[in-house]
Amino acid sequence: VSRIYAKVGVSGVVPELSKLEGDYTASHYAKLLLEKNIPASELPRAITGIADAIDSDYYLSTVLQSNVSRMLSTPDAANAFLQGTKKIGSAYYKSVVLKEVAKKLAGSPAQVKTILQSAAEIDSDYYLSVVLTTLLEQNELKEESVKDLIPVTTNISSDYYRSQVLDKALNKTSLSNESLKSLVTALEGVNSDYYKSSVFNTMAERMTMEPDVQLQMINQIKESVHSDYYASITMKNILKNQRLTDESFRLLVNVSSEFNSANYAADVLRTAAEKKLTTNQLIDILKASANIDSDHYLSEVLLSLSDQVRSSDSAVKDAYRSAAKSIDSDTYYGRAVKAID
């Protein structure tokens with residue numbers, strides 16, 4: 001290596017690597033080449049040549065790890081390095097290399113894009129989640145990169161690992177509205193009510209959601225969260241932590257009132273009743289409450305709203321009385337109507 005490099009440089013050594021018998025031998029000489037004071041302009045050619053010459057995942061990953069800082073010293077070299085990682089078929093060995101690179105390049109959105117392109121080819125949910133989590137743990141990771149990372153989670157088929165990565169993304173408190181929309185979209189592929197609602201709860205508690213994100217989340221709960229228990233927890237979290245528009249509030253109470261469980265439906269609507277509601281919101285929740293197919297739970301909801309109804313206008317009182325008419329029991333009906341008279 002020294003003799004050839006001294007005469008013709010990288011262009012002389014690289015062709016010789018592919019002539020060697022055995023990846024062990026090629027990797028040994030590749031490491032010797034990388035120890036040379038290679039000019040920055042020649043590094044991409046050296047890295048690409050090494051990646052082309054070594055077929056073994058193990059030996060290629062060993063070489064790429066051997067002098068990471070050197071191979072990432074310029075944008076062009078880093079790009080050649082990351083293109084080289086795409087030749088590693090083993091999910092384990094590729095993740096080991098990409099983890100190290102993630103720690104060094106997280107602050108560069110352009111390089112993170114390339115890391116993600118390589119990571120997206122990892123065919124193991126676990127190892128892909130390891131790479132993405134490592135990126136998210138880097139303080140210097142930009143919001144732009146988080147936005148690029150979120151769609152890659154759709155390559156993770158495991159509900160557990162996908163939800164873990166998305167929950168980790170929510171630690172980045174400055175996420176844009178577009179990133180939050182992308183995150184909700186990524187949750188569409190999570191079938192588990194538990195894991196999906198877990199991420200939704202984190203999002204509702206930590207993030208300030210714009211109206212379009214609120215509507216997107218509530219609609220997804222309606223369409224794909226089948227457990228009334230988990231859906232009700234998320235709906236209550238949204239009510240407690242988000243400033244809802246009238247449109248979002250209307251959708252939330254309507255969806256909640258149609259739960260199969262009257263108990264959980266009433267629980268959400270009683271939580272909504274704890275807020276200071278506008279006239280429109282009072283009318284919307286009263287109309288929604290009529291969907292509750294239980295005299296007991298419907299009367300509980302109406303009673304929780306009675307104080308606000310008493311101090312409201314006639315339209316609200318009319319909506320209250322209309323909802324009360326859905327109560328078959330004379331006892332519960334009388335108790336509900338008496339509360340506002």
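A: Happy to! A quick definition to start: a crossing is left-handed if the near helix is turned anticlockwise from the far one by less than a right angle, and right-handed if clockwise. Keep in mind that this is a predicted model.

Q: Good. Which way does H13 cross H14, left-handed or right-handed?
A: H13 passes H14 in a left-handed crossing.

Q: And what are the angle and the axis distance for H13 and H14?
A: H13 covers residues 177-186 and H14 covers residues 193-206; they pack at about 165 degrees, with axes 11 Å apart. Angles over 145 degrees count as roughly antiparallel, and H13 and H14 are therefore roughly antiparallel to each other.

Q: Which residues meet there?
A: From H13 you have Leu 180, Leu 183 and Val 184, and they meet Val 199, Phe 200 and Met 203 of H14. By class, that contact of H13 with H14 has six nonpolar residues, no polar and no charged ones.

Q: Nice. Switching topic: are H17 and H19 roughly parallel or antiparallel?
A: Roughly parallel: the axes of H17 (residues 246-257) and H19 (residues 279-289) cross at roughly 15 degrees, and therefore H17 and H19 get that label. Their axes come within 9 Å.

Q: What hand does the crossing of H17 and H19 have?
A: The H17 and H19 crossing is right-handed.

Q: Who makes the contact?
A: H17 brings Asp 246, Phe 249, Arg 250, Val 253, Asn 254 and Ser 257, while H19 brings Asn 280, Gln 281, Asp 284, Ile 285 and Ala 288.

Q: How does the contact of H17 with H19 split by class?
A: There are four nonpolar, four polar and three charged residues in the contact of H17 with H19.

Conventions: Residues are numbered from 1 along each chain as its sequence is written. This is a predicted model: local features need pLDDT of at least 70, side-chain atom pairs count only at pLDDT 80 or more; totals for chains, interfaces and linings use all residues. Side-chain values use heavy atoms; hydrogens and water are left out. Axes are lines fitted to C-alpha atoms, for helices over the stretch in contact, and angles run from 0 to 180 degrees between N-to-C directions. Helices (H or I, at least four residues) and strands (E, at least two) are DSSP runs, numbered from the N terminus. Angles under 35 degrees count as roughly parallel, over 145 as roughly antiparallel, 65 to 115 as roughly perpendicular and the rest as oblique. Contact means heavy atoms within 4.5 Å. Ala, Val, Leu, Ile, Met, Phe, Trp, Tyr, Cys and Pro count as nonpolar, Asp, Glu, Lys and Arg as charged, and the others, Gly among them, as polar.
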